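Here is a brief report on a predicted model. It goes from the surface to the core, then to helices and charged pairs.

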Amino acid sequence: MPGFLRPPPPAAPITDPDEVKKVYGHLWPRILLWSTVGYGTFYFVRKNFSIAMPVMEKQLGFSKESLGLILTLHGLLYGVSKFVGGIVADRANARVMMSLALLGSALVNIFFGLGSALIFFGLLWLINGFFQGLGYPPCARLLTHWFSPKELATRMSVWNMSHSLGGGGIVILCGFLVDYYGTWRVCFFVPAGIAMIMSLVLWKNLRDTPESVGLPEVAGSHVPGGDTTVESSGQYRQVLWDQVFSNKYIWLISVANFFVYTIRFAVFDWGPTVLKEAKGVQLHNAGLMIAAFEVAGAVGMLTTGYLTDRLFGGRGAPLSLLSMLLCGVSVYLFWRVPAGNVMLSTTLLALTGFFVYSPQALVGVMAANLATKRAAATAVGLTSIFGYASTVLSGFGMGWLVQHYGWAPAFTCLIGVAVIGAALFAAALPAKANGYGDDSG
């Protein structure tokens with residue numbers, strides 16, 4: 001572990017119970033707020049490409065297949081980076097790792113905005129995928145160290161709003177920037193500046209673990225065997241095997257994540273294009289409609305996170321199963337809406353967002369709780385490999401299908417994806433709520 005990434009040593013313990021309560025009361029809302037806002041900012045320097053694609057296709061003469069290939073390559077490296085980053089993050093300083101990853105992504109976006117060649121764009125977006133993949137693992141470390149497993153679904157559903165707030169915010173921002181300035185390049189320069197500022201905010205406000213500031217570990221999160229940050233490599237590999245790689249339910253929900261992300265990315269990445277070409281919607285209005293997809297997704301995550309803790313004892317599989325089935329229905333209905341019916345199309349996009357973001361959030365909760373805080377980032381990274389492998393289908397696959405056969409087979413494919421995802425969540429129904437030895441939820 002490079003010295004700058006090593007977690008800080010435990011601070012002198014705070015022994016006064018009132019002081020412990022006061023410091024926790026001050027820090028946990030700050031950790032939740034800035035990890036949420038910070039991760040949302042990663043979307044500003046990742047999903048800006050999606051809203052720029054229709055303009056780049058027109059101004060630079062790129063094909064949908066070429067743009068879809070860039071999405072796929074970015075997603076594949078992102079998934080690998082997220083997995084490797086998870087293994088690192090379980091033993092790293094979350095504050096440093098997250099701040100530097102966001103800064104690196106911002107710098108890549110500046111260079112991207114200066115380019116014109118397809119190969120140059122592809123290489124830079126691959127590098128961006130590497131930095132982007134290092135953003136989520138430190139959040140998994142933060143959330144599992146600062147919050148009890150019995151409230152993780154609720155807290156993590158709040159944190160998961162970062163996806164919707166960041167994704168919705170960037171499509172609105174870039175939609176109006178493109179309309180106002182008439183060039184796609186501004187979609188990369190402005191978000192890069194925002195991300196640079198946020199990286200400094202994260203550096204100032206995040207704290208690695210409660211122990212690093214003298215607080216006791218969160219109640220209910222103790223794992224026998226000690227802290228992975230001080231274990232040997234051999235001991236740590238055994239922890240990863242015991243907590244992650246030998247757990248069949250983590251593998252099941254990881255594979256299910258492939259199908260969840262296929263729908264999520266297909267709607268987000270190709271949404272502006274399909275709305276413009278198949279539904280006759282102007283680009284700035286398409287940005288607002290995709291933002292509705294994201295906002296409804298945030299509502300879905302909050303709703304299912306709360307219900308998972310309160311009604312299902314922390315088990316995420318039941319609501320994930322139901323959500324994927326209903327997501328397939330909403331995708332079908334959106335497909336069948338005639339062009340020009342903007343209100344109904346927006347409503348169905350919002351319903352799709354509500355249902356697809358629910359399992360997207362719960363997969364992370366299930367993986368983190370089953371792996372415990374000792375290996376949560378690794379488990380989340382494993383789910384992400386499958387999630388971002390979906391860009392083979394949602395990126396290049398969708399681009400190829402639409403380029404050669406139109407939008408109808410693409411929608412048929414997405415409906416089938418929803419059914420397969422639901423079947424995998426059904427197989428995960430017997431999974432325990434967590435791996436802490438307390439399955440009471």
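## Nonpolar surface patch

A nonpolar patch on the surface is formed by Phe 4, Leu 100, Leu 103, Leu 107, Phe 111, Leu 114, Phe 120, Phe 189, Val 190, Ile 194 and Trp 203. Together they have about 970 Å² of accessible area. Helix H4 (94-113) and helix H9 (186-205) are the elements that give two or more residues to the patch.

Phe 4 lies in the segment before helix H1 (17-44). Its relative accessible area is 52%, so Phe 4 counts as exposed.

## Nonpolar core

The largest nonpolar core has 131 residues. Tyr 39, Phe 49, Phe 112, Ile 263 and Leu 275 touch the most other members. Helix H11 (residues 248-277) gives the largest share of this core, 15 residues.

Leu 275 has contacts beyond its neighbours within four places in sequence. They are Gly 280, Val 281, Ala 286, Met 289, Ile 290, Phe 334 and Leu 349.

Helix H5 (residues 118-133) has 16 residues and should span 22 Å at 1.5 Å a residue. Its end C-alpha atoms are 22 Å apart, which agrees. Buried in H5 are Phe 121, Gly 122, Leu 124, Trp 125, Asn 128, Gly 129, Gln 132 and Gly 133. The buried residues of H5 pack against H1, helix H2 (48-60), helix H3 (64-89), H4, helix H6 (136-146) and H9.

## Salt bridges

The whole structure holds three salt bridges. Arg 141 pairs with Asp 208, with the closest N and O atoms 2.9 Å apart. This pair links distant parts of the chain: Arg 141 is in helix H6, and Asp 208 is in the loop between H9 and helix H10 (233-245), 67 residues apart. Both Arg 141 and Asp 208 are buried.

Glu 151 forms a salt bridge with Arg 155, at 3.3 Å between the closest N and O atoms. Glu 151 is partly exposed at 26% relative accessibility. Arg 155 is partly exposed at 23%.

Lys 373 forms a salt bridge with Glu 217, the closest N and O atoms being 2.8 Å apart. Lys 373 sits in the loop between H14 and H15, and Glu 217 in the loop between H9 and H10, 156 residues apart. Lys 373 has 8% relative accessibility, so it counts as buried. Glu 217 is partly exposed, at 30%.

Thr 372 is not a glycine, yet its phi is positive, about 70°. Thr 372 lies in the loop between helix H14 (342-371) and helix H15 (376-389). With a relative accessible area of 0%, Thr 372 is buried.

Definitions and conventions: Residues numbered from 1 in each chain as written. Predicted model: local features only at pLDDT ≥ 70, side-chain atom pairs only at ≥ 80, totals over all residues. Heavy atoms only, no water. Patch = residues over 30% accessible without salt bridge, like charges linked within 9 Å, V, L, I, M, F, W, Y side chains within 5 Å. Areas by Shrake-Rupley, 256 points an atom, 1.4 Å probe, with all protein chains shown as cover. Salt bridge = Lys/Arg side-chain N within 4 Å of Asp/Glu carboxyl O. Helix = DSSP H or I, 4+ residues; strand = E, 2+ residues; numbered from the N terminus. Buried < 20%, exposed > 50% of the residue type's maximum accessible area, 1.4 Å probe, protein only. Expected span 1.5 Å × (residues − 1). Contact = heavy atoms within 4.5 Å. Core = buried A, V, L, I, M, F, W, Y, C linked by side-chain atoms within 4.5 Å.
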